[in-house]
Amino acid sequence: MVDLTQNYFELFELPVSCQPDQQLLARQYRALQRTVHPDRFAADSERQQRLSVQYAAFVNEAFHTLKQPLARAVYLLRLAGREVDMERNTVMDAQFLMAQMELRDEVSELKAQANPEADLERLIKLVDDDNTAYFNQFEQHWQAQELEQAETIVRKMQFMVKLAAELAQLESKLLDDQPLNDE
Amino acid sequence: MAYSDKVIDHYENPRNVGKLDQNSHNVGTGMVGAPACGDVMRLQIQVNDDGVIEDARFKTYGCGSAIASSSLATEWMKGKTLEEAATIKNSDIAEELALPPVKIHCSVLAEDAIRAAIDDYRSKQNHDAAPAA
């Protein structure tokens, strides 16, 4: 039914690339999901049911990995034989960290503002643009097979994605009229 | 996962939060980041003529364990010589704060920050001591 040894691109019958066709990915995902959904095997043997749970989990994991740019980048490096070790703490490029520190300072100042909307929008756009720029850099290094440089970009993206998530959370609080500074 | 009382204490009452003048001759700055969680830590030391750390400051954007680890690090560094401070190990920090295994990397981050601050201070001294070209 599902070959668990396939890589995620093969699973969805997509060419290996930095920018897989997202519509096609979603369509292939839904089709596969229907064939492996555990509900379809409710009447089958216990072994068959267990397998279908495993297949469904594999298909989900594959979909989410190819959908999100950062997870996709990490996966592309793995396919290229380079395992990104995020746990290893690295003293990174000081300039990058300094800029990160400033961005976080801005976010924390923003939380204390009476009308943070404009600044929040500006920061969201800035982080979004940075993320796009980093992903483009990643793609260039990946295509040139410069895996070490590509990995450095992936590490930086990790910080930006975290920041983007925090900003999105602030935005949804704002839309719900909740106080931002509730830590 | 529950935080230990010591982590909560440092998180709620962080010691030595702030900033020293990065450009000062006797200040060393360590910047480190943890890609795994996106945490960023800045740790600074001010060293007197006897090589003793007379002030230490930090600013950390991260989880409670990362904040507590850097807060404790500044507390331990104050009053120590550079050589003594350089011997502070992440395992000592982790033990003192009773960090669970998944949070050990926070204490590693603090140790890296201590190293980076000391290295920065030393490179400033070497640089300034070098004869003018």
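Select Gln100(A) to begin; this residue lies in helix α5 of chain A. (Helices are DSSP runs of H or I with at least four residues, strands are runs of E with at least two, and both are numbered from the N terminus.) The model is a predicted one, in which local features need pLDDT of at least 70 and side-chain atom pairs count only at pLDDT 80 or more, whereas totals for chains, interfaces and linings use all residues. Residues are numbered from 1 along each chain as its sequence is written, chains are lettered from A and ligands numbered from 1 in the order in which they are written, and side-chain values use heavy atoms, with hydrogens and water left out.

With a relative accessible area of 1%, Gln100(A) is buried. (Buried means under 20% relative accessible area, exposed over 50% and partly exposed in between, with a 1.4 Å probe and protein chains only.) Display its surroundings next: apart from neighbours within four places in sequence, Gln100(A) is in contact with Phe159(A), Met160(A), Leu163(A) and Val40(B). Contact means heavy atoms within 4.5 Å.

(Rings of Phe, Tyr and Trp, the last by its six-membered ring, pair if their centres lie within 6.5 Å; planes under 30 degrees apart count as stacked, over 60 as edge-to-face and the rest as tilted.) The pair links distant parts of the chain, 63 residues apart: Phe96(A) belongs to helix α5 (residues 94–111) and Phe159(A) to helix α7 (residues 147–175), both of chain A. Both Phe96(A) and Phe159(A) are buried.

Phe135(A) counts as buried at 6% relative accessibility, and Phe138(A) is buried at 0%.

For a further aromatic group, select Tyr8(A), Phe9(A), Phe58(A) and Tyr75(A), which ring pairs link into a cluster. Over all chains, the structure holds seven aromatic pairs.

Helix α2 (residues 22–36) and helix α3 (residues 46–67) of chain A pack at an angle of about 170°, with their axes 10 Å apart. That angle makes α2(A) roughly antiparallel to α3(A). (Axes are lines fitted to C-alpha atoms, for helices over the stretch in contact, and angles run from 0 to 180 degrees between N-to-C directions; under 35 degrees counts as roughly parallel, over 145 as roughly antiparallel, 65 to 115 as roughly perpendicular and the rest as oblique.) Residues making the contact include Leu25(A) and Tyr29(A) of α2(A), and Tyr55(A) and Phe63(A) of α3(A).

Finally, turn to chain B and show its open sheet of three strands, ordered β1-β2-β3 with antiparallel pairing. (Two strands pair if DSSP finds at least two bridges between them.) Strands β1 (27–34) and β3 (53–61) of chain B stand at the edges with a single partner strand each, so one side of each is left without a neighbour in the sheet. Strand β2 (residues 39–47) of chain B is joined to β3(B) by eight bridges, and the two run antiparallel. End at Leu43(B), which stands opposite Phe58(B) in β3(B).
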